[in-house]
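Here is a short report on a protein model. Have the sequence and the 3D view open as you read.

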Amino acid sequence: MSDVSNATTAPDGAPAISCKSVGKIWGMGTDRAVEALKDFSLDVGQNEFVVLLGPSGCGKSTLLYLIAGLEDLTAGAIEGHGVTVTGPDSDRSLIFQESSLYPWLSVVENVSFGLKLRGMAKGKRRKVAERLLVDVGLGGFESKRPDELSGGMRQRAAVARALAMEPSVLLMDEPFAALDVQTRTKLQDFLIQIWRDSGASVLFVTHHIDEAMALADRVVVFTARPGTIKSIVPIDLPRPRDPRDPELHALRDHLIDLLADEVDRAFAEQEQIADKDKIRA
Amino acid sequence: MSAPTVKARRKWLPGFATAAIWSIASVALFAGIWEFCWYMRWANPMLMPPPHMFLQDVLYVGKLFDKSTRLGNPSDIEIVLTILKTVGATTMRVIIGLIAGLVVSLAVGMAIRYSPLFGKLVMPVINLLAPVSPIGWLPVAMLIFGLGDAPAIFLVYIALFFIMTLATLSLIDRLPSSYVQSARIMGASRLQIFVLVILPAILPGLFVVLRINLFAALMIVLIAESVGVGGGLGLVVIIARNTFDAQLAFFTMFIIGAVGFVLDIALRQIQRRVLYWQA
Ligand SMILES: Nc1ncnc2c1ncn2[C@@H]1O[C@H](COP(=O)(O)OP(=O)(O)OP(=O)(O)O)[C@@H](O)[C@H]1O
Ligand SMILES: [Mg+2]
């Protein structure tokens, strides 16, 4: 992959994120143990855009949590720029489906929250936050409260808050899933621009095949739970991509086929579990 | 057809005015029925004096509010001051008790979640004591604090403490996990997460619990005063009972209602202006 601007902390050539045989069993050792991820290995290059696609419950969110360092893995290892991940770090920012902006703070206070934690002086962090808000198209909304913004604007603000920490990796868990189609398309363009400007690597979870095709350098398709890699589909087309492009057409069919098997499997398994519960009851 | 009329009316009358008009109409209706019963001689004015009677003789009832004015020959101003003093004593006990209950239960609840060790040490006792009604604490309060403001305040505090500590815990547990996760990623320490994220996130919810318990707090103060911690509206209620003074009883009820009403409005305003966000 291309090597990009803010590769300062990286030992030469180390991928931005490297998952090595990662496994995660929730509630390990209890009778409620759930194996969410199994033997998951993936390298994400610097400034690469990777989309994670898979049936519901296959462990996509779990993977992002592990990479963010918010949860402990139960097998394997994760490295960020060659350094083993042991806990959360502002270098790897996570953006949630529903914005996690703090409703008691104004938009600009939200965006500068992390800078405040870093001890940046008030005037300075306000300036940084205001500039970022202009970058994400929210200039003039500084003093609004999050619940005065639309869903799309809130996600932009959440992105601004993440960017304030100057992360080299952006983890995004279905960030646009709660938005209408038009807003989502707009925000996809916006995200591409942010991604180019910041030089960060992006790991992006979605259920929408069209969204995956609009954004990804590579699409990683998961198997049903326990999640592992079923297939990696590179997309080598320039952006912005036209969804009517015949090349994308073939790709879409391919992705649909890949997904359909796993979705069927996931459903079959859920029905099995339901049946077991019925017998038990 | 009716929609435009509604819109037009809203323009003329702001929300609070409409609410006020309905309040007045509602009170006037019941006062009117009462007065009508008195007028028709269905209600004995010695037992059920209608509003115009028990509200008219403020100077007579005010004199009974405190022993300093009850026996002597006080001036009108002294009588009014006596009423205000009595109302003030009760109100202050309620307010200080509410503040103490809010602050301490918030602190204890957050400490329980902050330090699991502290939680394990404290939770069993809280769970054991929570079902004890505040009335059960009354003798304890008087044994520890004697007479005066302290036992009454303590009882309000106790009435709130267990409920609000448990509410604090449940509010913390039900916060969206992304609030805390985001803070962790941005580099917040555990203490910073509790002070900068969890505290503001749960405050509005906790304040609602406080508001719900306002009337219980007022009631417990009146009970404490009626068994004689010293002064206050609760004592006047008991004087009215002991002297079979219906006029004094109804006047005091009216005052108690007014105090509760004003406190509720004050809390609601604090909620709206200071704690405007919802977690
Ligand atoms: N905190 C948790 N504790 C216990 N089990 C969990 C936890 N989070 C997720 N799981 C389980 O792990 C499995 C994978 O969940 P995960 O949320 O990672 O799936 P997902 O791929 O993100 O699904 P979706 O597309 O529906 O968001 C599920 O079976 C889920 O029940
Ligand atoms: Mg998920």
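Asp264(B) is buried, because its relative accessible area is 12% and the cut-off for buried is under 20%. The model is a predicted one. In it, Asp264(B) forms a salt bridge with Arg211(B). The closest N and O atoms are 3.9 Å apart.

The two partners sit in distant parts of the chain. Arg211(B) belongs to helix H11 of chain B, residues 190–212. Asp264(B) belongs to helix H14 of chain B. Arg211(B) has 25% relative accessibility, so it counts as partly exposed.

## Helix H14(B) and its neighbour

Helix H14 of chain B covers residues 246–273. It packs against helix H13 of chain B, residues 233–242. Two numbers describe such a pair: the angle between the axes and the distance between the axes. Here the angle is about 160 degrees, and the axes are 9 Å apart. H13(B) is therefore roughly antiparallel to H14(B), because the angle is over 145 degrees. The crossing of these two helices is left-handed.

Another salt bridge joins Glu225(B) and Arg93(B). Their closest N and O atoms are 2.8 Å apart. Glu225(B) lies in helix H12 of chain B, residues 214–226, and Arg93(B) lies in helix H6 of chain B, so the pair ties together parts that are 132 residues apart in sequence.

Are these two residues buried or exposed? Glu225(B) is buried, with a relative accessible area of 0%. Arg93(B) is buried too, at 3%. The pair also belongs to a network of salt bridges: Arg93(B), Asp149(B) and Glu225(B) are linked in it.

## A nonpolar patch on the surface

Now turn to the outside of chain B. Which residues form a nonpolar patch on the surface? They are Leu59(B), Ile77(B), Val80(B), Leu81(B) and Leu84(B). Together they have about 470 Å² of accessible area.

Helix H6 of chain B, residues 76–114, gives the most to this patch, with four residues. Ile77(B) lies in that helix. Its relative accessibility is 63%, so Ile77(B) counts as exposed. The cut-off for exposed is over 50%.

## A salt bridge in chain A

How many salt bridges does the structure hold over all chains? The total is 13. One of them is in chain A, where the side chains of Arg252(A) and Asp210(A) meet. The distance is 2.9 Å, N to O.

Arg252(A) lies in helix H8 of chain A, residues 246–280, and Asp210(A) lies in helix H7 of chain A, residues 209–215, so the pair ties together parts that are 42 residues apart in sequence. Arg252(A) is buried, with a relative accessible area of 18%. Asp210(A) is partly exposed, at 44%.

## A glycine in chain A

Gly152(A) lies in helix H5 of chain A, residues 151–164. It counts as buried because its relative accessibility is 7%. How many residues separate Gly152(A) and Ser99(A) in sequence? They are 53 residues apart in sequence. In space, their C-alpha atoms are 9.4 Å apart.

How values were computed: Residues numbered from 1 in each chain as written. Chains lettered and ligands numbered in written order. Predicted model: local features only at pLDDT ≥ 70, side-chain atom pairs only at ≥ 80, totals over all residues. Heavy atoms only, no water. Patch = residues over 30% accessible without salt bridge, like charges linked within 9 Å, V, L, I, M, F, W, Y side chains within 5 Å. Areas by Shrake-Rupley, 256 points an atom, 1.4 Å probe, with all protein chains shown as cover. Salt bridge = Lys/Arg side-chain N within 4 Å of Asp/Glu carboxyl O. Buried < 20%, exposed > 50% of the residue type's maximum accessible area, 1.4 Å probe, protein only. Axes fitted to C-alpha atoms, helices over the stretch in contact; angles between N-to-C directions. Parallel < 35°, antiparallel > 145°, perpendicular 65-115°, else oblique. Left-handed = near helix turned anticlockwise from the far one by under 90°.
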